[in-house]
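This briefing goes through one protein model by topic. Have the sequence and the structure open while reading.

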Amino acid sequence: MGALLSAVHPVTTDHRRTQKTRLRRLAVGGQRGKTDPSHHTPYHLSKETVEALRLPAFDAWQWEPNEMLSCLEHMYHDLGLVKDFNINPITLKRWLLCIHDNYRNNPFHNFRHCFCVTQMMYSMIWLCSLQEKFTQVDILILMTAAVCHDLDHPGFNNTYQINARTELAVRYNDISPLENHHCAVAFQIFSQPDCNIFSNFDPEAFKQIRQGTITLILATDMARHGEILDSFKQKVDNFDYTDEEHVTCLKMVLIKCCDISNEVRPMEVAEPWVDCLLEEYFMQSDREKTEGLPVAPFMDREKVTKPTAQIGFIKFVLIPMFETVMKLFPQIEEAMVQPLRESRDRYEELKQIDDAMNEVRPQSDHGRKEEVNV
Ligand SMILES: [Zn+2]
């Protein structure tokens with residue numbers, strides 16, 4: 001039994017050692033950057049790429065990791081963060097490389113997801129002219145939290161961590177174990193001088209960035225979705241940019257929007273992400289079945305289909321949240337809310353086709369019509 005458990009809990013079997021090994025390896029990654037001949041060339045992005053990068057419709061699938069790293073680097077320069085905070089451009093490169101190395105190759109929660117979330121944040125900053133509303137410290141927090149928000153994600157969600165009583169769940173007392181871990185890994189990386197983009201900050205400024213980043217990463221736990229959205233709804237009609245509580249709440253909603261924004265993108269970009277997510281869910285539910293743990297219906301390969309997985313999520317999670325943000329930023333309707341409505345309609349049509357097929361062959365598709373709980 002012990003051997004079985006250690007074989008199926010790669011994340012949690014000697015977690016501390018794994019962490020150290022990873023960070024040591026990453027420090028070496030940083031050294032590698034120093035000897036890279038292209039190291040001092042700022043970036044090799046075409047004018048078209050740089051322009052497309054500012055739009056929610058950007059297609060992240062066509063890029064290699066090193067190209068995504070150049071894009072992330074560009075965003076920090078383009079937003080004036082490197083200049084305003086006197087960030088060492090070489091440290092920025094090394095930090096991003098280290099970030100890349102600390103995302104695992106999960107079907108969904110991988111470096112490309114980190115890139116997509118950050119790119120959506122970057123495009124929202126432009127679309128909503130957030131630099132006119134927020135301080136540069138807030139912009140730095142929004143971008144950095146997006147980059148770090150799923151660091152070292154093991155590919156199994158909080159429910160699994162808690163039910164399987166993993167080392168992460170024990171360490172964080174079942175309270176957002178994953179999000180706490182992502183955050184801790186982020187600040188372990190910053191504790192390495194080679195990767196600390198905040199090394200020029202005075203202690204007070206660092207404290208502010210650290211607190212802000214922690215708050216945003218912890219806000220990405222979907223278990224807190226209702227609580228955070230309700231709090232935002234209470235503020236949105238009398239929103240006050242001079243009220244710190246209002247601004248923090250808005251930033252929490254913004255990172256939440258970006259984190260689950262795939263369906264905002266064009267169908268060809270969005271749809272492959274559903275397959276990735278289901279692949280990760282099925283890996284989890286298969287493991288839960290072998291370990292005798294509870295299985296959520298929306299993760300069960302016997303019960304879920306792409307349309308059933310997406311319809312409820314788009315109708316009851318995405319559209320209500322984006323429509324609330326739209327009260328503050330009407331400009332997102334065309335670029336973000338409209339694509340969501342189109343995606344909902346498309347998946348509803350696909351579901352009707354599925355249902356019609358099930359009526360013809362009910363015995364072959366056992367269980368597919370069951371409701372999916374999002
Ligand atoms: Zn995420």
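The buried residues of helix 13 are covered by elements that include helix 9, helix 12 and helix 15 (244–259). The model is a predicted one.

**Helix 13**

- Helix 13 runs over residues 203–218, 16 residues in total.
- From its first C-alpha to its last, helix 13 reaches 22 Å, close to the 22 Å expected at 1.5 Å a residue.
- The buried residues in helix 13 are Ile-209, Gly-212, Thr-213, Ile-214, Leu-216 and Ile-217.

**Whole protein**

- Of the 374 residues in the protein, 53% are buried.
- Counting contacts between residues at least 6 apart in sequence, 75% join residues at least 24 apart.

**Annotated binding site**

- An unreviewed UniProt entry carries the annotation "binding site" for His-109, Asn-110, Phe-111, Arg-112, His-113, Asp-150, Asp-259 and Gln-310.
- Of these residues, His-109, His-113, Asp-150, Asp-259 and Gln-310 are included in the lining of the largest pocket.
- Arg-112, which has the "binding site" annotation in the unreviewed UniProt entry, is found in helix 7 (residues 111–127).
- Not counting residues up to four places away in sequence, Arg-112 touches Ala-60, Trp-61, Trp-63, Met-68 and Trp-273.

**Asp-150**

- Is Asp-150 buried or exposed? Asp-150 counts as buried because its relative accessible area is 6%, and the cut-off for buried is under 20%.
- Leaving aside neighbours within four places in sequence, Asp-150 is in contact with Tyr-103, His-109, His-113, His-182 and Asp-259.
- Among these contact partners of Asp-150 are His-109, His-113 and Asp-259, which also carry the "binding site" annotation in the unreviewed UniProt entry.

**Largest pocket**

- The volume of the largest pocket is about 1,200 Å³.
- The lining of the largest pocket consists of 49 residues, and those nearest its centre are Asn-157, Met-222, Tyr-281, Phe-298 and Phe-313.
- By type, the lining residues of the largest pocket are 25 nonpolar, 16 polar and eight charged.
- Which helices each supply at least two residues of the lining? They are helix 10, helix 12 (177–190), helix 16 (267–291) and helix 17 (306–328).
- Helix 16 gives the largest share of the lining of the largest pocket, at nine residues.

**Positive phi in loops**

- Most residues other than glycine have a negative phi.
- Asn-86 is not a glycine, but has a positive phi of about 55°.
- Asn-86 lies in the loop between helix 5 (81–84) and helix 6 (89–101).
- Asn-86 counts as exposed because its relative accessibility is 53%, and exposed means over 50%.
- Asp-174, also a residue other than glycine, has a positive phi near 65°.
- The loop between helix 11 (167–171) and helix 12 holds Asp-174.
- Asp-174 has a relative accessible area of 41%, so Asp-174 is partly exposed.

Key: Residues numbered from 1 in each chain as written. Predicted model: local features only at pLDDT ≥ 70, side-chain atom pairs only at ≥ 80, totals over all residues. Heavy atoms only, no water. Buried < 20%, exposed > 50% of the residue type's maximum accessible area, 1.4 Å probe, protein only. Contact = heavy atoms within 4.5 Å. 1 Å grid on protein atoms, 1.4 Å probe; cavity = no way out; pocket = protein on both sides within 12 Å on 5 of 7 lines; lining within 4 Å. Points joined across faces, edges and corners; volume = space filled by probe spheres on them. Helix = DSSP H or I, 4+ residues; strand = E, 2+ residues; numbered from the N terminus. Nonpolar A, V, L, I, M, F, W, Y, C, P; charged D, E, K, R; others polar. Expected span 1.5 Å × (residues − 1). UniProt positions renumbered as here; feature names shortened; annotations may be inferred.
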